[in-house]
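The following note sets out several local features for a new reader. Please keep the structure in view while going through the points.

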Amino acid sequence: MSNKMHIKMTVNGKEEEFLAEPRELLIYTLRERLNITGPHIGCDTSHCGACTVTLNGKSVKSCTMFVAQANGAEVTTIEGLGTPDDLNPLQAAFKEHHGLQCGFCTPGMITRASKLLEENPNPTEEEIRFGMAGNICRCTGYQNIVKSIQAAAAEMASAKEAAE
Amino acid sequence: MKDEITRDDRVANLKGMGCSRKRVEDARFTQGKGNYVDDIKLDGMLFGDFVRSPYAHARIKNIDISAAMEVPGVLAVLTAKDLEPLGLHWMPTLAGDKQMVLADGKVLFQGQEVAFVVAEDRYAAADGIEAVEVDYEELPVIVDPFEALKSDVVLREDTVQDGKPVDGAHGPRKHHNHIFTWEAGDKEPTEEVIANAEVVAEETMYYHRTHPCPLETCGCVASMDKVNGKLTLWGTFQAPHAIRTVVSLISGIEEHNIRVISPDIGGGFGNKVGAYPGYVCSVVASIVTGKPVKWIEDRMDNLMTTAFARDYWMTGKISATKEGKITGLHCHVTADHGGFDACADPTKFPAGFMNICTGSYDIPTAFLEVDGVYTNKAPGGVSYRCSFRVTEAVYFIERMIEVLAIKLDMDAAELRRINFIKKEQFPYKAALGWEYDSGDYHTAWDKALKTVDYDGLRAEQAQRVEDFKAGKTRSLMGIGLSFFTEIVGAGPVKNCDILGLGMFDSCEIRIHPTGSAIARLGTISQGQGHATTFAQILASEIGLPADSITIEEGDTDTAPYGLGTYGSRSTPVAGAATAMAGRKIRAKAQMIAAYLLEVHDDDVEFDVDRFVVKGAPERFKTMKEIAFAAYNQAIPGIEPGLEAVSYYDPPNMTYPFGAYVCVMDIDVDTGVTDIRRFYALDDCGTRINPMIIEGQVHGGLTEALAVALGQEIAYDDMGNVKTGTLMDFFLPTAWEVPNYETDYTVTPSPHHPIGAKGVGESPHVGGVPCFSNAVQDAFRAFGNTHTNMPHDHWRIWKTANALGLHD
Amino acid sequence: MIPAAFEYYRPTDLAGALSILEEHGDDARVMAGGHSLIPMMKLRMADVPHLIDLQDVEGLGGIEVSGDSIRLGAMVTQSDIINHAALTEAAPILREAALQIADPQVRYMGTVGGNVANGDPGNDMPGLMQCLDASFTLVGPDGSREVDAREFYEAAYMTAREDEEILTAVTIPLPKGGYAYEKQKRKIGDYATAAAAVQLVKDGESCSAASIAMTNLSDTPVYCEAAGAALVGTTLDDAAIKAAVAAMLGGIDPSEDNRGPIAFKTHVAGVILRRAIERAWSRA
C-alpha cells in the first residue's frame, strides 16, 4: 500500500526487518508476517489477553499496538519462552496441572504469567488472580491455571535455590 | 526382573480408564504450536469479510460496489444477486428453516451479512467494506416476541402466501411471525390435575439471550482446486461431516470432492455447530477467484451474528399436595429465534430436549408447549454448553421447585428430596416421554448436603437475616441449591437426526505391527481432550498403552462419518463406538492368541494387556505380540491385519446428574455478589479421566456463573446490540471466579458399553440455576419469589429496592 | 477490526510533535499508550489521518516527588505509578486508584497523560486529579500554560486543551491526610459504575479539609466542593456524611447504560462515597 515504513524489531531473539503499513497491528505482524502464530486474537479490543506478548519488558496486548509503535522493540512470544527440550517451568506446569483445555488462551496466559513471576516470584493466590486478570480463559474456570502458576513458581524457586 | 511386574503395574502402564492421564494435546498448545484455522496460510490466499447491516430491519434499495472495486487490493464484492443464479443466496439451517446467506432485498437483524468483500489482504478488505455503499429503507423493528405475534409487520415474506401464513418446517403457523408449535405430554390431564390440586405455584421467567462466545471466533479457509475439482474447507466446525454434507447439498459439488477439516478449535460451546454465511461466501469466493479464501469473524461479528443461545420466556404451573408431593407440571415457552430459526436441534425436536423439564422428580403428569417466533434479532437458538435446551429445562424446573417451596413454606432441599425419582424406579419413564437410564439421586443429595453442613448454613443464614433486620449488617446470605438431570448423547437414530442424518457416531482403529495404533473418530475436540481420553478407553479395551495410541479427528477424508461434538455426545456416542471397535479388535486378537498358543479360542481370556490360557496364566501372548502376529503370520481362516470400525447407534440417551450448592453473600446496597463457597457433586457414570472431568466442571461452572450473574446479549428498542464487545459482554476473569469444590458419585449407564454418561455440559446446566437460586434465596426471607437473570449489580439492587430494603 | 490507513510520526522532541499538530490541525492526534485511541480507530469510530506517537518525545516521562508537590510526566504509566515507592509514600491514593484501572497489560501501556487528556468520562484519573487539585501543563505553539484539573473538563471528550496543544505533565500539590479511591465496577477491565476519590485531613477529632470527586457519573468528572465543605469542621458523624452525600448527589448527572439505570447509579454513588469517606477517615 501507499505509506509503508521500514520496521526493525527483535522477536524471540531474532532480528527482523521489513516494510509495513504503520496501521498493521503487531499481532498480525507476528502471526502473518513472521509466522509466529502462538499469540492469538480473541476480542480485538484489549480485553481478553490472548494476544499477550512481552514487549520491552512489559506484558502488552499486541492487538492494541501498531507495528509502527513497536518499531525498534524487543518482543518475546510464547515461542521464545522455552524449547521442546528445555521447557519453561510454566509450560510444564500448565500441562501437569491441567491449566488449559482448548489451548487458545494458553500462549497469552503463559506469556503473561512469565512476566508476573519475574516481577513477583512468590505470589499469593490473590496476587496471581489479580495479576492474571488481563487474560480471559473460557474453558478452565482458572482454578487450574492458578494451580499451574503456583507450581511453576515453586519449581522456579527450587531451581534457583539449587543453582545458588 | 520380569516377575516383579505385577498386574497392577501392567494396568498402570496402560494409562487406561480411571486414571488422570496428562493430556497429550498440551505439548503443542503450551508451546504455541496449536494449529487453529486462522493459523492456516496458503499460497495466494485472499481474505473475505462482510459489509454488515447497521439496521435491524430494513429494505435494501441499492448496493453500489463501484467505489469498493476501486480500492487497491479488492478483487470482488459478492451480493445476493451474484449468489442467486447459483441458488446460494439462501441456505438451509440445521433446524429445518432457511437463512439468507447475503441480504436478499432486506435485512432482518443488525449485523446481518449484506455483501462479501474479497481482497488480497485483511487491510484491503476492511477498506473495501468501508467503500461499499448500501441504500437502506428502514422498516419497523420488532425485538419482542409477544409483539411479533400480534404485529401486522411481516418479518419473513416467505411465511405468507395470499395473505395467509403458510406451514413451516414443523407444521402450521399461528401467525406470520410464528415459526412452530411443539408439544409434549398430556394437555388435558395435566390441566385437570393442576385445576384440582391442593397447592399450585405459578411463575413466569425469562431466560435471557446470551452467547457461547468461545475465545476463538468462527472462521474458515476455502480452497477450490479447479484442476482436480476438489474443494478443501478448513474451519471451526464442531460437526465437520455434517458441514461436508451441507456444503455438498447446497453447492452441488459431489461429496467425495469435498474435504472438510476441523483443525484445532479454540472452544466451541455450541457456537460452531451451525453453518454460517461466511462459510458459503468463502467457498463461492474461492470458486470465483480460483484462490484460497479466508474468512475470520471479529469479536463483534461473533457476538452480533453467529449463534445466540436461550431467549426463552417460560411460564410454569406446578401442583402439589399440602405435604409437598408434586402432582403435575405445566410449561409454556415462547422461544425467540431472531430472524431465522438457526438452532441445531435434532429434526423432531424443534425445542430441543426442553421436554426433560420434569427434571429429577417423579412428576406423574406434565405438559409442555413451545411456540417459536421470529423477531429482528440475530438468528440461532443454539445449545450453549448444553444438550439442546436442557439448560433452559433445568433452569425452569429448578426455579419452579424453589417457587413451590416458597408457596408451601417448605425447605427447598427437603422438597426436592421427597420428590426425587427413587433409585429403584430406574429405568424411569418420565411424563414427557424420556426414559431415564439410571440414577441414585438421594445418595448424591444427602452427600452434598452433609458435606456443606446444610443445616449449619441455614442457621447462619437465619442469624444473618436477624442481624440485617437489626441493622447490624447490610449483607445477606443466599444458599443456592440445584439438583439436575441432564439428557445427553444424542442420539438414537430412531428419533434423532439432523437434516436427515442419524445421530450415531463412529470410530475406526488400526493396530500397527509393532503394537501401537491410530484411531479416528467422527467427533472433534474443542478443548475436551479427546486425544487423551479416547486413547484411555481404547487402552483399557485393547490392552495397548494409551501412550501408543494416536487419536485423530476432524478430517472428513480420513475419519469415519460422525455427527460431531456438541450436546455432551462425544463420550456417550463416539466413546461407545470406540469401546465397541476396541472389542472387535479384541475378538480378532483372541483368535490370533489362541492360534499362537495352540489352544481353542474359548480357552484364552483377556487380562489387562494380554490373552492368557485359562487356568495357566504363565502361558500368554501380549497384545503387542498379537499385533505383530497379525501382520507376519499366515493364520488359517483369519485375514491379515488388525483393524476395526464401529458405527454406534445408542439405544438411549444417557442421564448424568448432580447436586450443587452455592453460598453467596450479597451487598444489598450495591448489588455486588461474593461467592463464598461452591460445591459440585457430579455423577457422570464411569469416570474415564478424573482430572479432565474436574477441569470440565470448573469450566462449566464458570460459564454458568457468567450467564447467571451478568452475561447477556441485550438489544435496545431499535434492535441495536448493546453488548457487542467484551467490555459489556461479561466473561469473568480469574479475579471474579471462586475456587470450586468438586465431588462425585458413580452410577454407570446400564446401556453404555463402558457405563459412561458425559460430563462437559453438566456444570453449566446445573450451575446456572444454582447461582440464580442463591441470589433469589438471599431475598426469600423478605418476600422475593422470582426475579429474572442476569443477576448483575443493578438488577440485584432493583430486587432489594423493590422489597423495600433501602431506606 | 482494521483501522483506516494513516501517516505515522514518532517525533523525538516536543517542538517536532507540535509542528506536526499545527500542520495537520484536526486531522492529527497525539497518542500516548494508545489503549483508548487504538480500539476506537479499529472500530473506525475515530478517524486519525495523522498519528503522532509520543513515546520518543523527550521530557514527557518521569515521576518527581518534592517537598510540596508531585510532578508526573504525561507518559508515566499506571504501572509506573503502582511501582514507585516514593510516590506511593507521598500520595498513596494514586496507587490505590491506578490498581483499579483496567488490567495489568493495559496498565503497562496506559498513561496518566492519556487518561486525563482524553476526556473520557469513564477514565479514573480525571476525577482523581480533581480531588487532588492537580494542574495540567499544556504546551502549544505559543508556549506553555497551566490549567487546573477542576477547570479542564467541559463535556465528554471536550476539554480545555486546544487542538494544537499537548498535555505534557500533571502537577499535584502534596496531598495530606487520609485517602480512599473507591470504585464499583462489573468486572476487571470495566469502567466504574460509580467511583469516588476522597482526601481528608483530620485535626484532632474533626475534619479540617476535605476534597471529593466522582467518576463516570456525568459527562465529565465531578468535583464536589460542597460535599467536601459539608465534612469540614465536623467529626464525620452520620449527619455530616449524609450532608456530603446529598451535596454530591446534587452535582452528578448519571445516564443509563449497561451498568444500570439512573436510580441505581445515584444510589450506588452515595454508597460508594460514604465508604470512601469512612475509609479515608480511618486512614487520616
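1. Strands are runs of at least two residues that DSSP assigns as E, and they are numbered from the N terminus. In this predicted model, Asn216(C) sits in the loop between β13 (206–215) and β14 (222–223) of chain C. Asn216(C) has a positive phi of about 65°, although it is not a glycine. Its relative accessible area is 13%, so Asn216(C) is buried, the limit for that term being under 20%.

2. Val608(B) is likewise not a glycine and has a positive phi of about 65°. It belongs to the loop between β29 (604–607) and β30 (610–613) of chain B. With a relative accessible area of 10%, Val608(B) is buried.

3. Two cis peptide bonds deserve attention. One joins Ala490(B) and Gly491(B), with omega about -25°; Gly491(B) lies in the loop between β23 (475–485) and β24 (497–498) of chain B. Another runs from Met789(B) to Pro790(B), with omega near -10°; Pro790(B) is in the loop between α19 (762–778) and α20 (793–802) of chain B.

4. How many residues of helix α5 (residues 122–131) of chain B are buried? The count is 9 of its 10 residues, among them Ala126(B), which has 13% relative accessibility.

5. On chain C, a negative surface patch includes Asp142(C), Glu154(C) and Glu162(C). Asp142(C) is located in the loop between β6 (135–140) and β7 (143–148), and is exposed, with a relative accessible area of 81%.

Conventions:
Residues are numbered from 1 along each chain as its sequence is written. Chains are lettered from A and ligands numbered from 1 in the order in which they are written. This is a predicted model: local features need pLDDT of at least 70, side-chain atom pairs count only at pLDDT 80 or more; totals for chains, interfaces and linings use all residues. Side-chain values use heavy atoms; hydrogens and water are left out. Patches are made of residues with over 30% relative accessible area and no salt bridge: like charges are joined within 9 Å, nonpolar side chains (Val, Leu, Ile, Met, Phe, Trp, Tyr) within 5 Å. Accessible areas come from the Shrake-Rupley method with a 1.4 Å probe; for residues, only the protein chains shown count as cover. A salt bridge is a side-chain nitrogen of Lys or Arg within 4 Å of a carboxyl oxygen of Asp or Glu. Lys and Arg count as positive and Asp and Glu as negative; His and the chain ends are not counted. The place of a charge is taken as NZ of Lys, CZ of Arg, CG of Asp or CD of Glu. Helices (H or I, at least four residues) and strands (E, at least two) are DSSP runs, numbered from the N terminus. Buried means under 20% relative accessible area, exposed over 50%, partly exposed in between (1.4 Å probe, protein chains only).
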